[in-house]
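Here's a short tour of some side chains and how they pair up. Have a look at the structure, then read on.

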Amino acid sequence: MLNISRWLISSFKGSYIPETDGNKSIGVKKPYNPILGELFLAKWQSDEFGETKLVCEQVSHHPPITAVFISNEKMGIYCNGSFKQKVRFAGTSVKVDQVGHMTVIFKKSSEFYIMSLPNLIVGGLFTGSTFMEAHGKLAIVSNKDSLAVMNFHKKPWLYGSYNKFDCEIYSKSGSKDNYEFEDMFKSVLSKGGYNGTEPDYVIKGIWDTLSTFEPIKKDFEEVSVNCSDYLGVPDSKSGKKDKRKKLSEKFASSSLFGRLNIGTKSASKAELNSSGTDTPTDDISDSPASAITGDSYVSLSEQNSETSSPGSLSTSNMYSEGSNVFIDIESMKKAEIQVLEVKDQNELESHRVWQEVTVALQNRDYHAASEAKNKIEENQRALVRMREEKNEEYKSQYFKYMDYKDFKDKSHFDSYNLIRNEFESIGDGLWFFSDLVDEYF
């Protein structure tokens with residue numbers, strides 16, 4: 001659960017921080033309104049861990065619903081999700097409620113994780129410098145009786161920091177009594193605890209820069225300060241190989257996630273070095289942490305009190321001496337995404353669908369952009385009329401909707417049921433990748 005939480009947080013910067021043009025942020029932009037059946041297909045390649053694939057499809061237009069599937073067949077990792085947004089104005093900002101869930105399946109260990117999505121706030125509407133913040137609660141539930149609850153905090157009006165969050169991770173083994181897991185989940189969400197039960201870990205920090213974790217239960221006190229044990233990398237300071245092996249095996253099933261960004265690019269090594277941030281140079285491509293991200297790596301692998309410190313970061317005064325680094329986003333390398341040239345893409349892939357509109361906007365030819373957009377919309381209306389005449393419904397190319405009651409594995413059903421009872425879902429189920437449905441559901 002610790003590493004699933006780490007993976008989830010690592011994806012936020014690429015998803016919610018605006019792109020930059022040189023050193024200048026271009027702000028949050030209104031996206032195109034995706035057409036029904038629109039696709040985004042990509043992959044990441046690793047010589048050691050094989051191919052990681054991404055499939056995104058707009059499976060519904062009214063309401064707009066997006067389904068996503070990320071897979072690494074060699075490592076047996078499958079990430080699946082579907083979501084929609086509810087947008088409303090709130091004074092000087094726009095609030096975006098993200099409805100839906102993501103799931104992660106580890107085939108080798110039969111672990112199943114389901115998580116809700118963070119709500120968002122778009123600010124800066126009247127200053128011309130728009131930005132996005134996550135806010136509210138997010139929860140992750142495992143079929144192995146563990147859970148994580150994250151709280152995302154909006155920056156106060158006059159003081160404080162952007163993008164602060166905290167998280168507590170609990171497991172059933174930490175309870176003092178024989179409770180129902182559902183009772184614990186509800187209590188942690190509403191009250192922040194359960195009958196005096198201590199969390200396994202407490203995490204806090206800034207999700208787009210640096211955060212730390214603290215093991216609370218005595219069983220976890222042996223965790224190395226520099227987190228190298230989780231990534232299967234020897235501690236260069238202590239050299240305690242036996243302890244490293246024990247811990248890396250203990251967390252092997254959930255340490256397969258490094259950084260996976262679909263959005264903006266991370267800073268390069270040169271940019272990091274020029275800013276005074278230490279960047280590891282050792283190759284850790286043999287670590288399972290890079291399996292899902294191709295040739296990317298997690299920089300925590302070689303950090304210790306002698307070779308690396310968060311002291312150069314503006315957030316360093318938040319952390320007490322000896323804190324364990326949970327994730328250091330600024331020193332992480334982004335896996336290079338591979339997408340086909342536009343001319344070779346499927347006619348429904350995003351870059352090809354919106355190519356004329358994009359080129360016109362880049363040339364500031366707004367009349368041409370409007371004409372190209374209208375052409376796409378008229379074509380979609382014609383397809384709707386055609387389906388209505390034939391009394392046909394749109395059928396997704398890659399995904400299938402599954403009612404949660406049809407889940408074959410009771411532990412999957414129970415985990416999903418906990419989440420859907422506390423967080424809004426899309427109907428009574430999820431959109432799953434069709435091949436995954438046949439195998440798991």
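Arg381 is partly exposed, at 40% relative accessible area (buried means under 20%, exposed over 50%, and partly exposed in between, using a 1.4 Å probe and protein chains only). This is a predicted model, where local features need pLDDT of at least 70 and side-chain atom pairs count only at pLDDT 80 or more, while totals for chains, interfaces and linings use all residues. Residues are numbered from 1 along each chain as its sequence is written, and side-chain values use heavy atoms, leaving out hydrogens and water.

Arg381 pairs up with Glu378 in a salt bridge, with the closest N and O atoms 2.7 Å apart. A salt bridge here is a side-chain nitrogen of Lys or Arg within 4 Å of a carboxyl oxygen of Asp or Glu. Glu378 is partly exposed too, at 44%.

How many salt bridges does the rule give? The count is 10. One of them links Asp414 and Lys410, at 2.8 Å from N to O. These residues are 4 apart in helix 9 (residues 410-422), so again about one helical turn lies between them. Asp414 is partly exposed at 32%, while Lys410 is exposed at 59%.

Key
Helices (H or I, at least four residues) and strands (E, at least two) are DSSP runs, numbered from the N terminus.
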